[in-house]
Amino acid sequence: IRWPFTLSPADAALLDGTNTVILQVRYDDAFVMWLNGTELTPAHPSNAPATASLTWNSGATGTHDDNAALLYVDYDITAFSGSFVAGDNVLAAHGLNSGTGSSDFVCQVKMIVQAPPPPYEPEISPGGIEYAAPLAITAPTELFVRTVNPVLPSDPPTAGGGGTGPVPNGSSWSAPTRYYYFPGAITASQASIRISEVHYHPDSPTPAEVAQGWTNSNDFEFIRLTNTGATPVDLTGIYFSNGVGFTAVPGLQNWLPGGASVVVVENIPAFTFRYGGTFTILGRYDGELDNGGEHIVLNDRTGAVISDFRYDDIDPWPTRADNGYSLIYVSGDPNLPASWRASLDPGGSSASTYGAWVGRYYNGGDLMAQPMTQNDDDDVLNNLGEYAFGTDPRVSGSAENAVIAFLGGDPALFTMRRRIGATDVTYYFETSTDLAGGNWLPPVDPPSGITDNGDGTETVIWEVPPVSVEPRLYMRARVTSP
């Protein structure tokens with residue numbers, strides 16, 4: 001096959017080696033190509049015989065299947081630019097089929113002259129950093145990464161390139177890729193995290209919550225996970241294989257410092273509305289927890305079991321957890337009721353501020369009517385005292401009388417039970433010999449012991465200072481809040 005064509009002097013001047021010349025061929029099954037008698041050796045498919053052995057009836061040494069034959073194949077023949085001449089030119093092709101029994105044959109050609117791309121300076125975000133040397137990462141970090149080809153923009157657009165999506169046609173940037181780094185973190189496993197709380201039967205929605213569209217108490221469920229050590233943990237890839245459906249997808253939310261907790265919730269907006277920022281939200285789970293009992297299995301990224309247990313809502317399991325409170329893991333086998341207790345407050349883990357505490361005990365319409373000085377149950381403690389000492393402001397009973405105690409002996413002891421984790425109150429143990437207002441004094445020595453009561457409170461113990469002169473010593477526990 002011979003294709004004659006004519007080049008004007010201006011056209012021939014373009015073929016001086018500075019522009020790229022591409023020969024595009026669509027063929028079935030092979031070919032050999034010449035320009036003005038010079039073989040274009042880059043355009044010599046591997047299934048075409050050597051030029052020296054070509055005869056008029058040569059065949060291809062292999063097939064080029066129909067699907068491939070539909071596409072043009074590019075061959076760069078810029079090195080043969082000197083074979084073009086001003087005036088008449090001839091492009092010749094020896095088409096080759098795989099044999100006389102072949103049912104089809106094709107040999108189509110295009111030649112394209114491409115000018116070099118203009119100088120390209122890709123636009124870089126002001127926050128972008130060119131990678132020129134290893135980066136020192138000392139904190140949880142998200143890297144948003146692209147590569148750039150400054151010579152030739154993509155056309156057609158890159159479909160993925162290992163990144164997370166396509167890029168615009170004509171862009172020199174690759175598709176983006178995100179990387180997450182957690183320096184010093186260990187992989188989540190049974191040895192590093194545990195399920196520390198299950199809130200399976202929350203209180204019914206308040207009027208304010210119903211107004212937001214949350215009409216089911218299940219909207220406020222959550223499962224809390226806690227880092228049991230001092231080393232940060234990477235939660236990426238952990239998943240629930242029973243009870244609820246959830247997998248921790250990559251993201252900065254998977255960084256869990258030593259001793260810290262995160263929650264997996266059924267409804268993120270509902271949880272945030274009711275609980276605020278009590279805990280970092282790891283994500284949302286599918287399904288819901290059964291109020292009558294559930295089998296929960298949590299796995300690490302390899303599939304190994306982190307936690308596998310079944311809770312129930314009947315005695316000897318803490319029955320308050322089936323009525324607005326949560327299950328708090330204490331220790332031991334999580335399948336045993338004795339390994340769990342009900343939370344100190346309704347709604348789960350003990351509230352650490354007075355405002356959060358009020359929200360646990362009163363519905364939205366009562367919130368503005370609960371100052372610290374109010375005493376709805378007419379016992380010995382007002383609201384501030386009920387909050388500080390971990391008692392119920394709706395129930396008058398003996399618990400309020402047991403928050404402080406005097407234990408005789410040598411030495412005599414004074415004990416005070418208080419809420420663990422309260423951030424907006426200050427506790428005092430003071431003594432006086434005459435009950436005068438200005439004569440209350442703090443103890444000289446710090447507490448002699450603190451005991452975790454396992455119910456969200458702790459008991460602080462002081463040794464009572466000896467009385468050297470006066471026959472009496474008065475003692476009190478005092479709590480203040482800004």
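# Close-up views of a predicted model

**View 1. Contacts of leucine 225.** Leucine 225 touches Arg194, Ile195, Ser196, Ile238, Phe240, Leu256, Ala260, Ser261, Val262, Val264, Leu282 and Leu298. Residues up to four places away in sequence are not counted. Contact means heavy atoms within 4.5 Å. The model is predicted: local features need pLDDT of at least 70, side-chain atom pairs count only at pLDDT 80 or more, and totals for chains, interfaces and linings use all residues. Residues are numbered from 1 along each chain as its sequence is written, and side-chain values use heavy atoms, with hydrogens and water left out.

View 2. The largest nonpolar core has 30 residues. Val198, Leu225, Ile238 and Phe240 touch the most other members. At least two residues of this core come from each of strands S11 (193-199), S12 (222-227), S17 (261-265), S19 (293-299), S20 (305-312) and S21 (327-329). A second, separate core of 25 residues includes Tyr362, Leu384, Tyr387 and Ala412. A nonpolar core is a set of buried Ala, Val, Leu, Ile, Met, Phe, Trp, Tyr and Cys residues joined through side-chain atoms within 4.5 Å. Buried means under 20% relative accessible area, exposed over 50%, and partly exposed in between (1.4 Å probe, protein chains only). In soluble globular proteins, nonpolar side chains tend to be buried together.

**View 3. An open antiparallel sheet.** This sheet has 4 strands in the order S23-S24-S27-S26, with antiparallel pairing. S23 and S26 (449-452) are the edge strands, each pairing on one side only. Neighbouring strands are turned by 20° against each other on average, direction ignored. The angles are taken between N-to-C directions and run from 0 to 180 degrees; axes are lines fitted to C-alpha atoms, for helices over the stretch in contact. Helices (H or I, at least four residues) and strands (E, at least two) are DSSP runs, numbered from the N terminus. Two strands pair if DSSP finds at least two bridges between them.

**View 4. Strand S24 and its partners.** S23 (residues 404-407) joins S24 through 4 bridges. Here phenylalanine 406 stands opposite phenylalanine 414. S27 (residues 457-463) joins S24 through 7 bridges, also running antiparallel. Leucine 413 faces glutamate 463 of S27, and arginine 418 has glutamate 458 as its bridge partner.

**View 5. The hairpin of S23 and S24.** There are 5 residues between the two strands. Glycine 409 takes a positive phi near 135°. A cis peptide bond joins aspartate 410 and proline 411, with omega about 5°. Proline 411 lies in the loop between S23 and S24.

**View 6. Backbone exceptions in other loops.** Most residues other than glycine have a negative phi, and most peptide bonds are trans. Aspartate 28 and aspartate 29 are joined by a cis peptide bond, omega about 20°. Aspartate 29 sits in the loop between S2 (20-28) and S3 (30-35). Asparagine 36 has a positive phi near 50°. Its place is in the loop between S3 and S4 (38-39). Asparagine 36 counts as partly exposed because its relative accessibility is 33%. Aspartate 378 also has a positive phi, about 55°. The loop holding aspartate 378 runs between helix H5 (354-361) and helix H6 (383-389). Aspartate 378 is exposed, at 66% relative accessible area.
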